[in-house]
Amino acid sequence: MTWLGPGSACIMDLGRLDLLQRSGVWATFDRLGYYPVVGSETITFRRSLQPWQRYTLQTRIIGYDAKAVYVEQRFVVGREIYAVGFVRGRFLRRSGGTLSIAEVAEAIGVDVTELEAPGWLARWAADVALPPSRAVAPSDWS
């Protein structure tokens with residue numbers, strides 16, 4: 001029985017929140033009325049975690065594009081990867097609208113120009129993208 005499965009995305013959410021809080025970014029976002037959302041995510045499972053098995057969730061930013069941040073997250077036991085996930089995150093304003101990565105970078109004082117998203121990850125994001133929320137997106141299997 002695999003414990004690492006559907007709940008993995010929720011655990012990954014906590015890892016990203018922890019990263020934002022520990023870096024001080026969460027307080028800045030809260031003050032400015034910004035918040036993060038997941039646009040896309042994928043996870044690959046290599047081994048099963050058993051109930052109550054200890055593991056470490058490693059979270060790191062691996063790149064940016066004009067609209068999003070890309071995060072890699074690993075479930076690790078000892079020094080062995082059990083699963084790895086990739087997330088494309090965006091940032092929104094509580095007052096409405098999306099933020100560009102340039103706006104986010106300015107708000108938190110980070111230079112994002114030196115950490116471009118890997119090409120394969122940018123292609124993945126484009127391949128799995130859905131139409132914008134205001135566009136028509138019919139559910140048609142044909």
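Me: Leaving aside its neighbours within four places in sequence, which residues is Val-104 in contact with?

Reply: This is a predicted model, so read every value with that in mind. Beyond four places in sequence, Val-104 touches Phe-29, Phe-91 and Leu-99. Val-104 itself sits in helix α3.

Me: Is Val-104 buried or exposed?

Reply: Buried, because its relative accessibility is 6% and the cut-off is under 20%.

Me: How many residues apart in sequence are Val-104 and Phe-29, and how far apart in space?

Reply: They are 75 residues apart in sequence. Their C-alpha atoms are 8.8 Å apart.

Me: Which helices does that pair bring together, and at what angle do they pack?

Reply: The helices are α2 (residues 25-32) and α3 (residues 101-108). They pack at about 110°, with axes 10 Å apart. The range 65 to 115 degrees counts as roughly perpendicular, and α2 and α3 are therefore roughly perpendicular to each other. From α2, the contact uses Val-25, Thr-28, Phe-29 and Leu-32. From α3, it uses Val-104, Ala-107 and Ile-108.

Me: How do I find the buried face of a helix?

Reply: Start from the helical repeat. An α-helix has 3.6 residues a turn, so residues three or four places apart point the same way. Now take α2. Its buried residues are Val-25, Thr-28 and Phe-29. Down the axis of α2 they fall within an arc of 100°, so they line one face. The face turned away from that buried side carries exposed Ala-27 and Arg-31.

Me: Which residues are buried in α3, and which exposed residues lie on the face turned away?

Reply: Ile-101, Val-104 and Ala-105 are the buried residues of α3. They cover an arc of only 100° around the axis, which puts them on the same side of α3. Ala-102 and Glu-106 are exposed on the face turned away.

Me: What do the buried residues of each helix pack against?

Reply: Those of α2 pack against α1, β1 (34-45), β4 and α3. Those of α3 pack against α2, β2 (56-64), β3, β4 and β5 (98-99).

Me: What follows each helix?

Reply: A glycine with positive phi. Gly-33 follows α2, with phi near 80°.

Me: Which residues have the most contacts inside the largest nonpolar core?

Reply: Phe-29, Val-69, Phe-75, Phe-91 and Ile-101, in a core of 21 residues. At least two core residues come from each of α1 (8-22), α2, β3 (69-77), β4 (80-93) and α3. Apart from this core lies another, of nine residues, including Ile-62 and Phe-86.

Me: What does Ile-101 touch beyond four places in sequence?

Reply: Its contacts include Val-69 and Phe-91. Among the others are Tyr-64, Asp-65 and Val-112.

Me: How do the elements run along the whole chain?

Reply: From the N terminus, the order is α-α-β-β-β-β-β-α-α. That is four helices and five strands. Of the 142 residues, 33% are buried. Among contacts between residues at least 6 apart in sequence, 63% join residues at least 24 apart.

Note on methods. Residues numbered from 1 in each chain as written. Predicted model: local features only at pLDDT ≥ 70, side-chain atom pairs only at ≥ 80, totals over all residues. Heavy atoms only, no water. Axes fitted to C-alpha atoms, helices over the stretch in contact; angles between N-to-C directions. Parallel < 35°, antiparallel > 145°, perpendicular 65-115°, else oblique. Contact = heavy atoms within 4.5 Å. Core = buried A, V, L, I, M, F, W, Y, C linked by side-chain atoms within 4.5 Å. Buried < 20%, exposed > 50% of the residue type's maximum accessible area, 1.4 Å probe, protein only. Arc of directions from axis to C-beta.
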